[in-house]
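Dear colleague,

Below I am passing on the structure we talked about, together with its sequence. Please have it open while you read, as my notes follow directly after it.

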Amino acid sequence: MEIAGKAMLVTGANRGLGRAVVAEALRRGARRVYAGTRRPLSHPDARALPITFEVTDAAEIQAAVEQVDSLDILVNNAGLALVDELADRATLERHLAVNFFGPYGVTQAFLPLLVRSRGALVNVLSVAALAPLPVIAGYSISKAAALSLTQSLRPLLAGRGVSVHAVLAGPIDTDMTRDFNVPKTSPESVARGILDGLERGDEDIFPDPMSESLAEGWRQGPAKYLERRYAAFVQPVTT
């Protein structure tokens with residue numbers, strides 16, 4: 001999947017990793033980058049078209065679909081991370097609404113465009129999807145659910161020509177991780193890693209040094225083995 005000449009939509013594009021992915025896609029020659037944000041946004045590059053919608057609002061998502069003529073790559077990046085230890089159900093539900101049902105709803109809405117272009121779906125997850133970080137338990141649970149969603153969509157969409165990619169990133173130096181005193185990678189570097197992985201065709205993208213140290217173990221481990229075995233049960237549906 002070459003980025004040059006393609007149309008891409010990135011959710012959560014107003015700051016942090018989303019903004020960096022938009023900039024990197026433009027640098028690589030994307031024809032159009034739709035920048036999905038919760039609030040109005042301006043961009044100096046004429047190829048970048050801001051679209052305002054909330055990933056938890058079905059009506060706003062559908063309105064966004066109507067503004068997109070064609071789409072080759074959908075990057076579900078918008079996310080929420082709150083410190084919690086599962087003491088409050090409402091906080092867990094907020095994480096699931098944004099980090100799980102958000103990508104699900106956006107994907108379903110834009111899927112006809114991706115099928116038409118035989119494009120790519122990229123879900124930005126976290127190494128916390130592989131093992132939970134207890135101080136952000138709700139975030140970890142929602143990302144684990146989103147990883148399972150990504151793995152489920154992979155064989156279901158393969159016969160329709162859509163490739164599905166999981167981004168399993170380590171800590172990124174953004175507002176979301178401001179209070180975590182751990183080594184972090186710049187969003188610009190992670191954005192390059194994501195698009196490098198997409199262009200290589202990696203199913204699971206480990207875009208930074210911390211996550212890359214886990215890549216080989218994941219790819220050769222039992223979870224990936226079972227994912228491949230279970231995919232054989234899917235009867236391809238071609239279009």
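An α-helix has 3.6 residues a turn, so residues three or four places apart point the same way. At the start of α7, a side-chain oxygen of Asp 208 comes to within 3.2 Å of the backbone nitrogen of Met 210.

This is a predicted model, in which local features need pLDDT of at least 70 and side-chain atom pairs count only at pLDDT 80 or more, while totals for chains, interfaces and linings use all residues. Residues are numbered from 1 along each chain as its sequence is written, and side-chain values use heavy atoms, with hydrogens and water left out.

Helix α8 holds Lys 224, which is buried, with a relative accessible area of 2%. The side chain of Lys 224 makes polar contacts with the side chains of Asp 204, at 2.5 Å, and Glu 227, at 3.2 Å. A polar contact is a pair of N or O atoms within 3.5 Å; within protein, one must be able to donate a hydrogen and the other to accept it, and residues adjacent in sequence count only if both atoms are side-chain atoms. Leaving aside residues up to four places away in sequence, Lys 224 touches Arg 154, Glu 203, Asp 204, Trp 218 and Arg 219.

As for the overall fold, the protein chain has 8 helices and 7 strands, taken as DSSP runs numbered from the N terminus (helices H or I, at least four residues; strands E, at least two). The 7 strands form an open sheet with parallel pairing, in the order β3-β2-β1-β4-β5-β6-β7. β3 (48-52) and β7 stand at the edges, each with a single partner strand, so one side of each is left without a neighbour in the sheet. Within the sheet, β4 (residues 73-76) and β5 (residues 120-124) pair in the parallel sense over 4 bridges, and Ile 73 stands opposite Ala 120 in β5; two strands pair if DSSP finds at least two bridges between them.

Two backbone angles deserve a look. Leu 86, in the loop between β4 and α3 (89-99), has a phi near 65 degrees, a positive value in a residue other than glycine, and at 48% relative accessibility Leu 86 counts as partly exposed. Arg 118, in the loop between α4 (101-117) and β5, likewise has a positive phi, of about 50 degrees, although it is not a glycine.

Finally, buried residues make up 49% of the 239 residues in the protein chain, and the C-alpha trace spans about 40 × 40 × 35 Å along its principal axes.

Best regards

Terms used: Buried < 20%, exposed > 50% of the residue type's maximum accessible area, 1.4 Å probe, protein only. Contact = heavy atoms within 4.5 Å.
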